[in-house]
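Here are some exercises to work through with the model open beside you. Try each task on your own before reading its solution.

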Amino acid sequence: MVHVVVLGAGLGGTIMAYGLRDALRAPHQVSVVTKGSSYAFVPSNPWVAVGWRSQEAVTVNLEPVLRKRDIGLHPQGAKRLHPAEKRIELLDGSSVSYDYLVIATGPELAFDEIEGLGPEQFTQSICHVDHALRAKPAFDALVKNPGPVVIGAVQGASCFGPAYEFAFILEKALRGARVRDRVPMTFVTSEPYIGHLGLDGVGDTKGLLESEMREHHIKWICNARVDKVEAGQMSVSEIAEDGTVARSHTLPFAYSMMLPAFRGVEAVRGIEGLANPRGFILADKHQRNAAFPEIFSVGVCVAIPPLGKTPVPVGVPKTGFMIESMVTATARNIARLAEGKAPDAEATWNAFCLADFGDSGVAFVAQPQIPPRNVNWSSSGKWVHLAKVAFEKYFLHKMRSGQSEPFYEHLALQALGIDKLKAPKIETPAK
Ligand code: FAD
């Protein structure tokens with residue numbers, strides 16, 4: 001009998017627990033250690049921030065689902081992982097021991113790396129549902145007293161899609177409120193060009209997103225380093241190829257939302273051999289850590305090196321499709337270890353993204369994620385918005401019913417016919 005613990009019940013951790021339960025029947029045990037007992041669908045946060053979704057609509061109470069699926073729940077949260085003892089110390093002082101551990105703790109949001117950044121200071125955030133809820137009154141205040149808006153992603157950020165999404169969703173919401181004509185909008189990004197997305201672009205994301213920005217009257221600043229934020233004002237340096245400051249900007253704002261850089265969470269940061277200097281978990285091609293081979297990791301917490309040198313540092317995004325493939329591979333590998341066999345499954349590191357613009361959107365598929373690619377496809381239109389709404393419904397249904405079937409692979413790509421365009425058959429390990 002083995003006991004597998006999943007640390008973190010976000011997008012990756014929750015489907016990881018469901019997948020492990022499918023792969024490892026009783027008497028094997030599966031448990032989840034997380035903070036609280038609810039799951040909130042992070043991709044819906046931009047909609048929550050402008051009041052298009054309530055918290056209830058995007059949140060799942062995991063307690064009854066996990067009970068039904070015979071998965072243990074420790075909602076106290078982890079204080080510290082002690083890998084040499086195969087033990088997690090919880091925030092209430094108790095401990096959970098494991099035979100195998102899957103770390104799925106997502107990102108810690110590094111607002112503190114820039115003076116004045118974040119929801120405790122002067123900019124809004126959509127990274128967490130609580131932040132998105134707090135951003136709604138700020139949106140209402142903007143509608144009441146229109147003024148300039150600054151949206152974007154700071155130096156070291158890796159999650160650019162949601163920054164673009166939020167700029168266009170906010171733009172649509174302001175048009176709906178009939179105040180867009182009094183709101184100058186600027187997109188500030190550490191990317192070297194619009195549509196880079198931490199991936200050196202996918203298909204024509206540069207052309208598509210620049211064109212959308214022009215059409216929606218959103219100005220932009222690339223290669224941007226945010227130096228500091230004060231009440232109603234952001235200081236930004238535009239960095240040249242040689243690293244010098246090409247131009248300085250002082251941007252006044254009535255409302256700002258900036259995506260921060262990410263790092264690994266405190267409970268796992270600074271553990272020699274487990275995490276890199278920023279606290280991301282080191283994993284081999286089987287999602288397994290070399291120093292602690294009973295530890296696997298999935299999702300945003302996994303260490304992935306940046307694509308290449310850019311004037312301002314940018315990270316590589318980790319999105320749902322990639323996370324799902326890490327989960328599928330990890331479930332199979334742990335099940336094989338429990339049977340005394342060696343891990344053999346590898347995640348397919350592809351990117352599939354739907355960036356919603358409120359009434360249209362941009363979609364892209366990158367296979368593999370790092371160029372040169374076999375599939376390098378992007379498209380835009382109203383269908384992206386409709387597809388994103390359908391995905392939200394499907395994903396929340398899957399979370400509420402405890403299903404682990406690969407979602408992006410089987411439903412998204414095949415229903416949209418994207419894999420039939422020119423993609424080779426996507427390999428997933430057999431169950
Ligand atoms: P998370 O979902 O963040 O889950 C981490 C979990 O670990 C959380 O439940 C957290 O409470 C828990 N945790 C952290 N520390 C501890 C601790 N010490 N003890 C116990 N539990 C802990 N990707 C897409 O493919 N499509 C999208 O449309 C999309 N939209 C996004 C929108 C936004 C605003 C953001 C920020 C990201 C988006 N992403 C999207 C990227 C990615 O899919 C999500 O960030 C996704 O939620 C990452 O999943 P995860 O499991 O790695 O981390």
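A cavity, as the word is used here, is a set of grid points where a 1.4 Å probe fits but cannot get out, and its volume is the space filled by probe spheres set on those points. Please keep in mind that this is a predicted model.

**Exercise 1. Around the ligand**

Work out which residues come nearest the ligand, and which parts of the protein supply its shell.

Solution. 
- Step 1: look at the residues around the ligand, 31 of them, where Gly 12, Ala 78, Val 300, Gly 320 and Lys 388 come nearest.
- Step 2: check polar backbone atoms. Leu 11 has one at 3.1 Å from an oxygen atom of the ligand, and Gly 12 has one at 2.7 Å from an oxygen atom of the ligand. For Ala 78, a backbone N or O atom is 2.8 Å from a nitrogen atom of the ligand.
- Step 3: On its own the ligand has 970 Å² of accessible area, and the protein covers 89% of it.
- Step 4: assign the shell to helices. Both α1 (11-23) and α7 (320-338) supply at least two residues, and α1 gives the most, with three.
- Step 5: assign the shell to domains. Domain 1 (3-108 + 263-351) and domain 2 (111-260) each contribute at least three residues.
- Step 6: sort by class, which gives 17 nonpolar, eleven polar and three charged residues in the shell.

**Exercise 2. A pocket and its place**

Solution. 
- Step 1: take the volume of the second largest pocket, about 500 Å³.
- Step 2: inspect its lining of 27 residues; Gly 156, Arg 278, Pro 306, Val 314 and Gly 315 lie nearest the centre of the pocket. By class, the lining has 16 nonpolar, seven polar and four charged residues.

**Exercise 3. Backbone exceptions**

Locate the loops that hold Pro 27, Pro 368 and His 217, and describe the backbone there.

Solution. 
- Step 1: recall the background. Most peptide bonds are trans, and most residues other than glycine have a negative phi.
- Step 2: go to the loop between α1 and β2 (29-33), where Pro 27 lies. The peptide bond from Ala 26 to Pro 27 is cis, with omega near 15 degrees.
- Step 3: move to Pro 368, in the loop between β21 and β22 (375-380). Gln 367 and Pro 368 are joined by a cis peptide bond with omega about -5 degrees.
- Step 4: finish with His 217, in the loop between α6 (205-215) and β13 (218-221). Its phi is positive, near 55 degrees, and His 217 is a residue other than glycine.

Conventions:
Residues numbered from 1 in each chain as written. Predicted model: local features only at pLDDT ≥ 70, side-chain atom pairs only at ≥ 80, totals over all residues. Heavy atoms only, no water. Near = heavy atom within 4 Å. Polar contact = N/O pair within 3.5 Å; in protein donor to acceptor, adjacent residues only side chain to side chain. Areas by Shrake-Rupley, 256 points an atom, 1.4 Å probe, with all protein chains shown as cover. Helix = DSSP H or I, 4+ residues; strand = E, 2+ residues; numbered from the N terminus. Nonpolar A, V, L, I, M, F, W, Y, C, P; charged D, E, K, R; others polar. Domains from an automatic or database assignment. 1 Å grid on protein atoms, 1.4 Å probe; cavity = no way out; pocket = protein on both sides within 12 Å on 5 of 7 lines; lining within 4 Å.
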